[in-house]
Structure formats: structure tokens, C-alpha cells
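Please look through the sequence and the model below before reading on.

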Amino acid sequence: EEEQDWLLADWILDGYENAKSRDGYGLALSALSKINPRVRYKVAWKVFDIWGKRSPPAQAPAASPELITAMIVAALLLQRPELSLVMMLCFAGLLCVREALSLCYKDDVVGVNCITLCLGSTKGGLEQKVVLTNTSTVNLVLSYLAKFPWKRNDGAKLFSITWLCPQMGQE
């Protein structure tokens, strides 16, 4: 078993040196641990952990402003102003979709050349405010508010669209 542990560690090290994907090695190591639970593979797991520290997983790059602008314009052309404003607020205010969709009219404060969004509850904590000063964003919010004045009552949601999370089956 000790020899098997060292062979696995050497196999993982070869994968690291040859710039292979780390995922498959982790799956193989986990599968071997499940098949034979009394063997610990201490050396192999240590090599695998060090590989993860030396080359951490890469994060996906953020969407470019040009792509977001194209999506917003496409939503406007498809006569979906709510969707375009949700995308704009999420991009400009760094909001989660859930945060943007839970905004009410009372949460939207119009100032001089700015819009302040009062977020009720967020992942980072309660009662956070986001100030948007970008001229295009402010103009889009003001145009939206002017176009849908009949919806305005303090408790009403700013958007009538919902988002269903496919993993959780929740909004």
C-alpha cells in the first residue's frame, strides 16, 4: 500500500510537470480512496494539494463592456426594457441578479446626476447602498421610471420579471 501511494504520487507529479489538467487526477485519487477506504494515500494527496497551491484554478474573465452594451441594446430592440435595465444595473452597480430583481420603487432614490439604490439584504450584509453616477446608466433609469409611472407605489417591485435558479429551483 505504501508503494502504491508513492506510485500515485509520482503519477500526479508527472501530470503536473506535463501541464495536464488537475481535475482528472483528483477524480482518480478520490475514486481510489472510495474503492479502498482503509488506504489513506497520504503522499499522493499531499502532492495533489501542492499542485493546487502552485497553480490555482483560473477564474473566468468578466464580460467586456462592449458585450454587455450589445446585450442591453438587443434587449431594448426586442422591446424588453426591464431586462435591459436589470442587465445595466447588474453591470454598472456590480449587483447580483437577485439583488437587482428584488429592488422596489422605494429603494430607488434619484439625486442630482446620480441614482442611489438601497439594497435591503445582500450576501455582504444588510442595508447597503449603491450609488450610480454613469450618465448612460442614470439616463436609462430615469427613462424607465418616466415610462412606467403607473407602477409606482412604495412597496411595488421595480421589475415584474423573475429569475428562476435552475440548480436550486428557487428565484
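Axes are lines fitted to C-alpha atoms, for helices over the stretch in contact, and angles run from 0 to 180 degrees between N-to-C directions. Helices (H or I, at least four residues) and strands (E, at least two) are DSSP runs, numbered from the N terminus. This is a predicted model, in which local features need pLDDT of at least 70 and side-chain atom pairs count only at pLDDT 80 or more, while totals for chains, interfaces and linings use all residues. Residues are numbered from 1 along each chain as its sequence is written, and side-chain values use heavy atoms, with hydrogens and water left out.

Helix α5 (residues 81-93) packs against helix α7 (residues 135-147) at an angle of about 145 degrees, and their axes are 10 Å apart. Contact here means heavy atoms within 4.5 Å, and on the α5 side it is made by Pro 81, Glu 82, Ser 84, Leu 85, Met 88, Leu 89 and Ala 92, which meet Ser 136, Thr 137, Leu 140, Val 141 and Tyr 144 of α7.

The protein chain as a whole holds 7 helices and 3 strands, and along the sequence these follow the pattern α-α-α-α-α-α-β-β-β-α. Of its 171 residues, 32% count as buried, that is, under 20% relative accessible area, where over 50% is exposed and the range in between partly exposed (1.4 Å probe, protein chains only). Among contacts between residues at least 6 apart in sequence, 54% join residues at least 24 apart.

Confidence is given by pLDDT, the predictor's value for each residue, from 0 to 100. The mean for the protein chain is 84, and 88% of its residues reach 70 or more; among the elements, strand β1 (residues 108-111) has the lowest mean, 80, and helix α1 (residues 2-17) the highest, 94. Over residues 167-171 pLDDT stays under 50, and the model has 7 contacts beyond four places in sequence for them. Where pLDDT is low, the predicted coordinates should not be read in detail.

Two residues show the local surroundings. Gly 15, in helix α1, is buried, with a relative accessible area of 1%; leaving aside residues up to four places away in sequence, Gly 15 touches Lys 20, Tyr 25 and Trp 51. Thr 116, in strand β2 (residues 114-122), is buried as well, with a relative accessible area of 17%, and under the exclusion of residues up to four places away in sequence Thr 116 touches Asp 107, Asp 108, Val 109, Lys 129, Val 130 and Val 131.
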